[in-house]
Amino acid sequence: MKRREFIRYTAVGLGALSLAPTVSLAAVASLKRVVVVGGGFGGLTAARYLRRFNPAIEVVLIERNEKFYSCPISNWVMVGKWPMKDISFSYDSLAGQGIKVVRDEIIGLDAAAGYVQGKAGRYAYDRLVVSPGIDFRDELIEGYDQRAKNAFPHAWHAGPQTLQLQQELTALPAGGTVMMTVPASPYRCPPGPYERASLIADYLKLNKPGARLIVVDPHPHIASKTALFQSAWDDYYQDVIDYRTEQTIMGVNVDKKSIMTQSGEISADVINLIPSQKAAALAFTLGLVPDGEMWAPVKARTLESKRIPGVYVIGDATDARTSGPMPKSGYVANSMGKVVAAAIVAELAGKNVPIPWFANTCYSMVSMSEAIYITGVYQYDAALDTTITINEGTKVSSGRSALYGRYAEDWGPAIWSDMLGI
Ligand SMILES: Cc1cc2nc3c(=O)[nH]c(=O)nc-3n(C[C@H](O)[C@H](O)[C@H](O)COP(=O)(O)OP(=O)(O)OC[C@H]3O[C@@H](n4cnc5c(N)ncnc54)[C@H](O)[C@@H]3O)c2cc1C
């Protein structure tokens with residue numbers, strides 16, 4: 001078996017196989033329709049696995065964008081390690097798998113009547129799955145208007161901003177300065193900013209003599225895979241990375257190309273400002289987030305919303321105090337997609353919902369060729385009615401290596417294949 005297939009059938013696929021409830025087609029009396037909103041890591045997985053666990057269910061996937069751009073691997077694209085086309089996917093593969101894909105933006109919900117409202121149409125459902133991802137807490141940064149967003153792109157949604165930063169890095173003069181900011185926790189992909197910093201630092205070292213990278217971080221130290229990133233930065237980037245901790249981003253000034261922290265003003269030629277985050281706007285619009293909160297609470301066993309029956313929330317938008325101690329990662333969103341599919345298929349058939357478990361494997365490049373990794377396994381504990389970390393499943397790589405870098409190259413295509421059926 002090729003390594004890629006092995007990863008696919010073990011690391012990515014195990015959750016699904018052990019969760020799949022055995023439901024015969026006859027068990028579902030009449031055709032049921034599940035609407036899935038959001039064609040990213042969580043939504044794509046849920047849509048595919050609903051059909052896989054019970055092909056009699058009608059599945060409609062609603063996504064506002066024409067293409068899916070993968071955030072994982074987008075840091076590599078930013079520094080020219082991989083081309084953009086390798087992280088860009090159409091939704092065409094889903095039609096052949098019995099999933100109806102609709103391009104629309106959802107703007108409302110009538111749970112009593114059982115439909116979601118889009119800009120282009122109205123979609124009735126028996127069960128609704130929402131995996132809308134994240135948005136940004138713009139209001140925390142003074143002056144962070146549309147002009148500032150264009151000038152200091154976050155690229156925390158992969159796509160055009162990934163290419164914008166790539167072009168800005170290419171245009172940087174030798175001896176120039178790049179600045180990037182780390183969002184406050186909790187945020188999408190805890191190791192992501194540090195992978196990005198490592199790759200930008202290596203890019204500058206290789207291509208822009210004398211250039212520097214200022215990393216502005218609200219945390220007291222690197223917030224994920226701490227020792228592994230720190231060791232790589234100490235060994236490789238002491239002359240490149242200027243790491244400033246416990247800094248709160250308070251404002252921006254586009255004309256001066258600067259940001260303000262409590263320690264003063266910092267300016268740079270290229271600025272990658274990644275603001276603090278909250279559940280995507282859709283979760284607020286649909287009433288899935290309580291007043292004053294930032295994330296959507298769910299029931300740990302089924303991922304059904306604690307606020308609206310029949311509506312399930314998965315992926316980064318969930319409140320980790322309710323969904324479990326998993327990081328906001330694509331791998332976890334993929335696990336959640338399988339868990340929610342199994343729960344809905346069982347519920348529609350009047351069966352017990354299987355005990356869910358979740359997995360996470362996350363590689364981060366610390367240079368153009370070397371990677372580090374972390375794994376985690378989590379299981380629902382019925383006695384506690386909460387999801388807990390299984391300690392035996394937690395592993396951090398003993399160091400960095402080019403071999404892990406090659407594993408990281410296989411990780412992306414394996415999980416995209418699981419989500420899109422390609
Ligand atoms: C730079 C970077 C690197 C990363 N690297 C990794 C990694 O190596 N490994 C890993 O596991 N994770 C990684 N992640 C994290 C991963 O990208 C997210 O955890 C994952 O995308 C979450 O999936 P999701 O389904 O919650 O949201 P998304 O994948 O963002 O999907 C949300 C979808 O919902 C759609 N949507 C939102 N609102 C509406 C609406 N109103 N109507 C219709 N559609 C709507 C959006 O267009 C989007 O397609 C990385 C993230 C970043 C930014």
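Start by selecting V215 and Y243: in strand β13, Y243 is the bridge partner of V215. Strands here are DSSP runs of E with at least two residues, and helices are runs of H or I with at least four, both numbered from the N terminus.

Before going on, a word about what is on your screen: this is a predicted model, where local features need pLDDT of at least 70 and side-chain atom pairs count only at pLDDT 80 or more, while totals for chains, interfaces and linings use all residues. Residues are numbered from 1 along each chain as its sequence is written, and side-chain values use heavy atoms, with hydrogens and water left out.

**Stop 1: the parallel sheet**

Now colour strand β12 (residues 212-216) and β13, which run parallel and are joined by 4 bridges. Two strands count as paired if DSSP finds at least two bridges between them.

**Stop 2: two hairpins**

Next, select 249-253 and 258-261. These are strands β14 and β15, which pair in the antiparallel sense over 4 bridges. Find N253, which stands opposite S258 in β15. The two strands form a hairpin with 4 residues between them, and K257 in the turn has a positive phi of about 50°.

Follow the chain to strand β16 (residues 264-267), which runs antiparallel to β15 and is joined to it by 4 bridges. Here T261 has G264 as its bridge partner. β15 and β16 form a hairpin with 2 residues between them.

**Stop 3: the nonpolar cores**

Which residues touch the most other members of the largest nonpolar core? Show L213, W233 and W416, out of 112 residues in this core. A nonpolar core is a set of buried Ala, Val, Leu, Ile, Met, Phe, Trp, Tyr and Cys residues joined through side-chain atoms within 4.5 Å; buried means under 20% relative accessible area, with a 1.4 Å probe and protein chains only. Helix α11 (residues 330-348) gives the largest share of this core, 11 residues. Domain 1 (3-133 + 280-420) and domain 2 (138-276) both give residues to this core, so it lies between them; the domain bounds come from an automatic or database domain assignment.

Finish with another core that lies apart from it, made of 15 residues, among them I141, Y144, V216 and I249.

Terms used
Buried means under 20% relative accessible area, exposed over 50%, partly exposed in between (1.4 Å probe, protein chains only).
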